[in-house]
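Have a look at the sequence and structure first, then read on.

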Amino acid sequence: MLAFLGRRLLIAIPTIILISIFVFTLQKLLPGDPVLVLAGEERDPAVLEYLREQYRLNDPIIVQYFTWIGNALTGDLGISLRTQEPVLALIGQKLPVTIQLAVMALIIAIAIGVPAGVLSAYKKGTWIDWVANVVALSGLSVPNFWLGIMLILLISVKLGWLPASGYRPFADDPLDSIRVMLMPAFVLGTGLAATLMRHTRSAMLSVLKSDYIRTARAKGLAEHVVLIKHALRNALVPIVTVTTLLFGELLAGAVLTEQIFNIPGFGKLVVDAVFNRDYAVVQGIVLCTGIAFIFMNILADAAYRVLNPRMRDE
Amino acid sequence: MALKKNLALALAFGLAATAVQAQDLRIGLQDDADVLDPDQARTFVGRIVFESLCDKLVDITPDLEIIPQLATGWEFSEDGLTLTMTLRDDVVFHDGTPFNAEAAVYNLDRSRNLPESRRASEVSSISGVEVVDATTIRITLAAPDATLLAQLSDRAGMMISPAAAETMGLDFGLTPVCSGPYSFVERIQQDRIVLERFEGHWDAANYHFDTVTFLPIPDTTVRLANLRAGDLDMLERLAATDLTSASADASLETAQATSLGYQAMTINVGNGERSGGPLGQDARVRQALSLSIDRSVIAQVVFEGAVAPGNQPWPPTSPWYNADFPIQERDVEAARALLAEAGYPDGVDITVQVANNPVQQQVMQVIQAMAGEAGIRISLEAKEFATLLSDQTAGAYEASQVGWSGRVDPDGNLHQFVTTDGGINDAGYSNAEVDAFLNGARVSNDIDARRAAYNGASAILMEDLPLVYLYHPVWIWAMETGIDGFVPYPDGMIRLAGLTLTE
């Protein structure tokens, strides 16, 4: 296991370097001058030139890249052009928010998606399957922003049960923090639940057809033991893959949901940064989420090995 | 007797209600502010935060008159080259540093000389500032500058603690220290900015909230939903289309003020190759375009009437408006005749770039339809704002739909856009007469002479039309019922003096 992890980590290094080059060059290809945005309405040429010099935007792109990556290696991701806060501090501020949202959304998604998938596979072709499919499809097709605004109008404005938006740090008041994030997590989670339900269903269907399930049933095992212990456990490998990928995606920021519920997470940060051409922030975030994605993948591979003993020897 | 008792009870309750009134005022902003250093800041919402955080040398009235704030009085010398200001003697910064002539000189020098200063161009007429005595400063000007006091009523006139500025350097904006009615507590980017009442403020009795929290919520629907849900006490920039429903809501109140700014189409008349088309080369084509537009239709269709139609850099209600050139009626026949006279009897094709937000695109679609009837076929190019801006600066456009947030002094709405060396002359317009008028208006302190100069310039500009003005946005604030004493200002700021909230 350790050797496997070590190998995967080594492979991750060139991937991260590639990501960094990619982000850096793509970003410079964007039209629009960061200094112009930075200058705001007053566009004094002397100030523009000064800012270009200060942020080294006049250097050749290769030099800019090595300056950035060199600093990044020492833990300095630069400062935000817009607010002058260090990018690393910004990431440190936003990451816990996004992780909390992602974890809560994922818990909701798993709690809905996996049982629904198991049930609809088990009851394939019945009305239960049909209902589960319709619910899943609507979960997938109802746009997040619409559901979000409708929920705000109903739950917050009409009923006054939950705050309409905002964020409360978990450390300040865990219960209130969860309460404030319930609606956005639900909006995100229902969308993901649909994806999970579809994957669980198809994985379960193929497992339920296999010989060992028939054998298990022939042995006279209780149906729920067959379903949970024999079938679901084997169907879990693809489900874990999807879940980790979804989690990775959530870490990159649930842009729309964060926008609607005004959650100061990665999504909002990166969107604002792109529109303001706040290069250092975009680069820092993409690099971080890239690393997070790779890490999640390694974690998924490790999870396979835990779940499926046959993969441990590979 | 019973009546008296009841009255006394009611009074007691009333007092109790005032005593325990909402300690925190939560204000929803459309954007997140940028760096909170008055010399480096550039966003509109940043100015709203500064309004509570930092005092300025002078302030404005809703009618745009300059009134004292930290400066108690001022006087220009006969030749207009010296401005002497007397200052309050009871002001301290949030860190305890006293405010005095020395601090004021430090601040004006910082605005002028800090390399990162965005204020340098606003105070470029100043050639020197010196301390006369503890409460008097003397500002020397390189040339008379009629706009200076207006500049000092905004960020250029904001006073920050010299001690804090020295220690923090360029990071001052992370924990700003000023002398305003509220002091800085914390900021979480894109989430909140929290200020608390500064007991040492010279006018502290006039500020009634213990804390003020600014919450950036960019989506207008969500911002309004938060107000309705009671998570906000007030918000700025209610969408015009939400005005009817907000006014009908008994738990909400709204306030409005016509802004100092405008929305217009900037025409490329001399900024590189793209100015070579009929629109850029022939003023008659631009006049035809302007004539083809019914500005009140834009106001009704897109904004449900909540903007002021306009045709000059300042609104028709402004004392600077040139009454000889009222908004023209739409006249399709006259527009066609002008096109034919210019040699385009079959009409012209033009491309207009517009920011990719729904409201500005709707504005342009309405114009597209109206101009089309006059034979001006518009194709729209929707661009993300940063791209639009750099294309406009570089001259990579034929016409561009953009706006300006507006300035207190008329100079700020016109000079830099149409004078030959103007900093934002993206149209590439150049006319020696206009230059002379506008440069003259800048150096005169005589209102009538200034008005004559602006009228002279607008007479030419209405012919040449390097900018086709469309309308003046209206600031709309919405707040919960119970907020009293809110005064709408045309600069769109939120001034908290005298504001109370009874729940």
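In which sense do strand S15 and strand S16 of chain B pair, and over how many bridges? S15(B) (residues 348–355) and S16(B) (residues 376–383) pair in the parallel sense over 8 bridges. Pairing here takes at least two DSSP bridges between two strands, and strands (E, at least two residues) and helices (H or I, at least four) are DSSP runs numbered from the N terminus. Val348(B) has Ile376(B) as its bridge partner in S16(B). To get from S15(B) to S16(B), the chain goes through helix H12 (residues 358–373), in a right-handed β-α-β crossover. Right-handed means that, with the strands pointing away from you, the path from the first strand over the helix to the second runs clockwise.

A quick note on the model: it's predicted, so local features need pLDDT of at least 70 and side-chain atom pairs 80 or more, while totals for chains, interfaces and linings use all residues. Residues are numbered from 1 along each chain as its sequence is written, and chains are lettered from A and ligands numbered from 1 in the order written.

Now for two other spots, compared by burial (buried: 20 or more other C-beta atoms, placed from the backbone, within 10 Å; exposed: 12 or fewer; partly exposed: in between).

| Item | Burial |
|---|---|
| H2(B), residues 44–53 | 10 of the 10 residues buried |

The buried residues of H2(B), including Phe44(B) and Leu53(B), pack against strands S1, S8, S9 and S10 of chain B. Thr135(B) sits in the loop between strands S6 and S7 of chain B.

How values were computed. Two residues are in contact if their C-beta atoms, placed from the backbone, lie within 7 Å.
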